[in-house]
Amino acid sequence: MRMVAILTVLMIPLTALGDDLGMSPSIQEVKKQHEAQFLKMTGVVSVGIGLDPDGNQAIIVGLDGSHPETEANMPQTVGGFPVVVQIIGSIRAQ
Amino acid sequence: MADDVNRIRSILSTHRRELLKRANVVATGVGYKETGGAKTDRLCIVCSVKEKVPPARLPEQEMVPTAVDSTPTDVIQTGVIRALQAPTDRFRPAPGGVSVGHVDITAGTLGCWVTKSGQKVILSNNHVLANSNAAEIGDAILQPGPFDGGRFPQDHIANLTQFVPISFQGGPSECQFANAVISVFNFGCRLISSNTRYKVTKIQAEENLVDAAIAVPLNGADVKDEIFNIGPIQGTVSGELGMAIKKSGRTTGFTTGEIQQVDVTANVQYGAGQVAVFTDQLLAGAMSQGGDSGSAVLDNNNRLTGLLFAGSDKTTIINRIENVFSALGISL
């Protein structure tokens, strides 16, 4: 039991160090973690990786129309990456 | 001025046949003479030629005289004049970028010719060549598609050889256990003379990577291994954020765009309220409409990067070509 406690204490600085070395999850991983939750929100038809207006890598959420509630509930960032909402309309096979 | 034009028109009508007989002349008309590349205000008889040939290399009887009935002539190079073809027309041989479709659909786009087991085959979408899973292998493919006047058998160009089934949400389940359980239920319903029957549907459909199918031509001579308004394909390339792209399609013809998103998961509506989830897609701005499905998407160096299949008012959704090739076991 004591051993586990010591290991846990040891792990904390290691994890923090990992973050400093750029070991935080990639945008692909963050998107994968959150996309199912986004796609459940009313009107969401797509989730992808693109750029925000400032040119930063961002998670882009597409809506099939205006959904103020979905837009209000959408986080501004996840895992440190900006989330951008765009109204793109329904996606249909062409 | 109008008098001058009419005078030259009457001279031209007398000499038109004789001018058009000359080997290189493809058209005659009345226009302003050009000298040293600049237009002058002098009216003349303009002879359009396939190719300007130096007088030394041209037999005298093929040469355009410098004047006809004291009206000067001008020779301009226009190349061969052809009737303009629309992508909805019938093409033999048929290039990519033109109308195609399964006998039971409206029309889509013949993406391009690819190789399957050493043979050139048509690449397009499942929903264009295989009627969204409803087709049978061997079904007739028409060029142009039925909506553009394609008829069986005169426009029959190919037969469906393979398609990647699209997994729809709420579609029939292939789960054998669930289907076995339900058949017992339905047997029970029958025993008690109930009119109710149950069927198994998928709650969570599998994710799709591609909407793709191939068809083998009836005649190898119908293959034109290039894309209408683009030309031959120069290899493949993996789609990346910011990449400039283009396509040639049945409805909107030649259009260009840019890859704005990668790694896209999208819910795509098919007719009759069916929805399919696609992952690992490329997303571009609006560059297509209904009927452009199946278009090959290329980069600025004519390298193939995707297969267009869906879109909204503001976006175009594209399968990655590497996923298409591996799903169907094909190459360029």
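Colleague: How many residues does the contact take from chain A and from chain B?

Modeller: This is a predicted model. The contact draws on 22 residues of chain A and 28 residues of chain B.

Colleague: What area do chain A and chain B bury between them, and how much of it is on carbon and sulfur atoms?

Modeller: Buried area is accessible area lost when two parts are put together, summed over both. Here chain A and chain B bury about 1,900 Å², and 47% of that lies on carbon and sulfur atoms. On the chain A side, the residues that lose the most area to chain B are Ile91(A), Ala93(A) and Gln94(A), which together make up 39% of what that side buries.

Colleague: Which residue forms a salt bridge with Asp263(B)?

Modeller: The rule asks for a side-chain nitrogen of Lys or Arg within 4 Å of a carboxyl oxygen of Asp or Glu. Lys31(A) meets it with Asp263(B), where the closest N and O atoms are 3.6 Å apart. The count between the two chains is one salt bridge. For polar contacts, the rule finds 15 residue pairs across the interface of chain A and chain B, both residues being at pLDDT 80 or more.

Colleague: Which elements give two or more residues to the side of chain A that touches chain B?

Modeller: They are helix H2 (27–39), strand E1 (44–51), strand E4 (81–87) and strand E5 (92–93) of chain A. E1(A) gives the most, with eight residues. Sorted by class, that side of chain A has 11 nonpolar, eight polar and three charged residues.

Colleague: In what sense do E1(A) and strand E15 of chain B pair?

Modeller: Two strands count as paired if DSSP finds at least two bridges between them. E1(A) and E15(B), residues 253–270, pair in the antiparallel sense over three bridges. Within E15(B), Ala266(B) stands opposite Ser46(A).

Colleague: Now the sheets of chain B. What is the order of the four strands that form an open sheet?

Modeller: The order is E1-E2-E4-E3 in chain B, with mixed pairing. Strand E1 (25–35) and strand E3 (67–68) of chain B are the edge strands, each pairing on one side only. E3(B) pairs with strand E4 (residues 71–77) of chain B in the antiparallel sense over two bridges, and Ala67(B) has Pro72(B) in E4(B) as its bridge partner. Helix H1 (residues 2–20) of chain B lies across E1, strand E2 (38–49), E3 and E4 of chain B, at about 140 degrees to E1(B).

Colleague: And which order does the open sheet of seven strands have?

Modeller: In chain B the order is E7-E6-E10-E11-E12-E9-E8, with antiparallel pairing. Strand E7 (108–109) and strand E8 (112–116) of chain B each have a single partner strand, so one side of each is left without a neighbour in the sheet. Elsewhere in that order, strand E11 (residues 156–163) and strand E12 (residues 213–217) of chain B pair in the antiparallel sense over five bridges, with Val216(B) in E12(B) as the bridge partner of Asn159(B). Helix H4 (residues 321–328) of chain B packs on the sheet, touching E8, strand E9 (119–124), E11 and E12 of chain B, and its direction makes about 125 degrees with that of E9(B).

Colleague: Where is Thr106(B) found?

Modeller: Thr106(B) is in the loop between strand E6 (99–102) and E7 of chain B. Leaving aside neighbours within four places in sequence, Thr106(B) is in contact with Gly145(B), Pro146(B) and Phe147(B). Thr106(B) and Phe147(B) are 41 residues apart along the chain, with C-alpha atoms separated by 4.6 Å.

Methods:
Residues are numbered from 1 along each chain as its sequence is written. Chains are lettered from A and ligands numbered from 1 in the order in which they are written. This is a predicted model: local features need pLDDT of at least 70, side-chain atom pairs count only at pLDDT 80 or more; totals for chains, interfaces and linings use all residues. Side-chain values use heavy atoms; hydrogens and water are left out. Contact means heavy atoms within 4.5 Å. Buried area is the accessible area (1.4 Å probe) that two parts lose on being put together, summed over both. A polar contact is a pair of N or O atoms within 3.5 Å; within protein, one must be able to donate a hydrogen and the other to accept it, and residues adjacent in sequence count only if both atoms are side-chain atoms. Ala, Val, Leu, Ile, Met, Phe, Trp, Tyr, Cys and Pro count as nonpolar, Asp, Glu, Lys and Arg as charged, and the others, Gly among them, as polar. Axes are lines fitted to C-alpha atoms, for helices over the stretch in contact, and angles run from 0 to 180 degrees between N-to-C directions.
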